[in-house]
Amino acid sequence: MFKGIRPLLRGSTYAGALFAYCGALASLPLLPFAALPAMAWPSASWGAQFALTALVWAVLIGVIGLARTTRRVLIACARRMLGVPLPDPVGESRGADRLRTPLWLLAHVVLGWAGAQLSVLLFGAALLLPGGWAGAEAGVSVNGWSLRAESGWQSWATALCCLLLAAALCLAVTWALRWLAPRLLGPSSAERLALAAERERVLAERERALAERNRLAHELHDSIGHTLTAATIQAAVAGEVLGADPGAARAALRSIEESTRAALEDLDHVLGMLREDKAGTAPTRTLADLPELLDRLRHAGAVVEPELSGDHAQVQGTLSRAAYRILQEGLTNALRHGAGGPIRVTVTAAGDSLELDVVNRVGSGAGAGAGAGAGAGAGAGAGAGKGKSPDAFPTSGHGLPGLVERVRLLHGDIEAGPDGPEHWRLAVRLPVRLPA
């Protein structure tokens with residue numbers, strides 16, 4: 001029982017009814033204009049004049065509903081007063097869809113007038129029927145129909161019924177408007193297409209922004225990670241030889257200065273992109289900058305054995321930049337986790353592919369341990385990585401996964417894992433031309 005009368009106790013029920021009654025009142029200024037044709041036809045019967053006035057009144061209300069501003073105002077009011085989730089109109093309604101707003105406005109006015117008159121009648125009856133407090137017998141008469149109640153409990157029971165009927169009428173009006181609002185004020189077929197296109201555009205922009213931020217994160221990880229590793233090793237070397245070999249110490253310090261300056265350029269570019277400001281000229285380090293990278297490693301005390309073959313000039317643009325970053329990450333990991341000894345770097349530019357190899361010593365037994373449990377990740381497909389164990393790259397956790405993602409986007413193959421009992425090998429093969 002209480003569940004059935006719960007809607008009658010909600011404020012939203014009466015807010016919806018008030019919304020309907022306000023719509024009826026808002027149509028009153030049009031009534032004098034609607035009555036002009038009937039006044040110009042004095043010989044017509046009262047019924048014909050009433051019908052003509054009502055017809056002209058409905059036409060005027062419908063014309064107002066054709067305005068685009070009217071639709072926006074009605075949608076905002078329905079959202080506020082009825083609690084119906086209606087999106088703002090997108091694009092312009094055409095054809096039959098354009099007639100839905102006038103239909104809503106007419107239904108709004110009709111429900112408002114009918115609900116207002118009946119509500120006033122029922123509330124008036126609820127106040128007047130209990131004749132006891134008025135000191136006389138009370139009743140209500142409408143067009144020959146009368147309702148009278150003698151003083152006593154019968155009059156109070158009848159008044160309570162009228163009050164409940166008035167509340168139920170408010171609920172019915174509110175429910176009718178809530179049912180009509182999505183159908184007449186909701187998006188049309190053309191607006192649904194426009195909303196879907198807008199959502200797709202927003203999602204595409206978000207995906208592009210996320211992809212760009214991920215790319216910048218990879219760039220920053222590769223550049224700053226390599227620079228900090230090399231600078232740490234160079235600082236340690238400079239500290240050890242400062243007294244015995246000041247020249248070597250000065251060379252290590254110069255190398256730290258050069259590498260950190262390059263890292264600052266990368267950092268400035270990335271931060272400019274993240275601030276959505278106009279960033280400076282983007283660092284465009286490519287395979288042509290590989291000798292400089294190897295020189296910095298030598299200043300750090302590493303022994304590097306490069307083997308460069310093929311025509312590197314044919315590798316340009318994104319592929320050349322990605323190859324530089326891949327080699328930078330591989331060399332950084334070799335410095336961090338290698339066990340000394342030479343680092344062999346092989347870059348082979350064939351006719352249709354670019355092959356990158358970084359091999360470093362990991363110490364006796366370390367290679368086997370590093371590759372333990374890597375069999376499940378082995379493979380040569382695009383983005384497949386062999387030996388993704390945490391012991392292989394125990395840094396930030398983004399090194400090898402970042403390389404795998406970079407290579408996958410370039411439709412290449414990657415393998416990382418033990419190369420014999422004492423070495424670790426990173427091998428990447430990238431197609432110079434993307435597959436059709």
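Good morning. The structure before you is a predicted model, and I shall begin with its confidence. The protein chain has an average pLDDT of 77, and 77% of its residues reach a score of at least 70. Where pLDDT is low, the predicted coordinates should not be read in detail.

I turn now to a pair of helices. Helix α11 spans residues 290-299 and helix α12 spans residues 317-337. Their axes come within 11 Å of each other and cross at roughly 10°. Because an angle under 35 degrees counts as roughly parallel, α11 is described as roughly parallel to α12. On the α11 side, the contact is formed by Leu290, Leu293, Leu294, Arg296 and Leu297; α12 contributes Tyr324, Leu327, Gln328, Leu331 and Leu335. By class, the residues of this contact comprise 8 nonpolar, 1 polar and 1 charged.

Finally, the cysteines. How many disulfides does a search of the whole structure find? The search returns 0. Cys77, for example, takes part in no disulfide, since a pair of sulfur atoms must lie within 2.5 Å to be counted, and the nearest cysteine sulfur to that of Cys77, belonging to Cys22, is 9.2 Å away. Cys170, at 5% relative accessibility, counts as buried, because it falls under the 20% limit.

Methods: Residues are numbered from 1 along each chain as its sequence is written. This is a predicted model: local features need pLDDT of at least 70, side-chain atom pairs count only at pLDDT 80 or more; totals for chains, interfaces and linings use all residues. Side-chain values use heavy atoms; hydrogens and water are left out. Buried means under 20% relative accessible area, exposed over 50%, partly exposed in between (1.4 Å probe, protein chains only). Axes are lines fitted to C-alpha atoms, for helices over the stretch in contact, and angles run from 0 to 180 degrees between N-to-C directions. Helices (H or I, at least four residues) and strands (E, at least two) are DSSP runs, numbered from the N terminus. Angles under 35 degrees count as roughly parallel, over 145 as roughly antiparallel, 65 to 115 as roughly perpendicular and the rest as oblique. Contact means heavy atoms within 4.5 Å. Ala, Val, Leu, Ile, Met, Phe, Trp, Tyr, Cys and Pro count as nonpolar, Asp, Glu, Lys and Arg as charged, and the others, Gly among them, as polar. pLDDT is the predictor's confidence in each residue, from 0 to 100.
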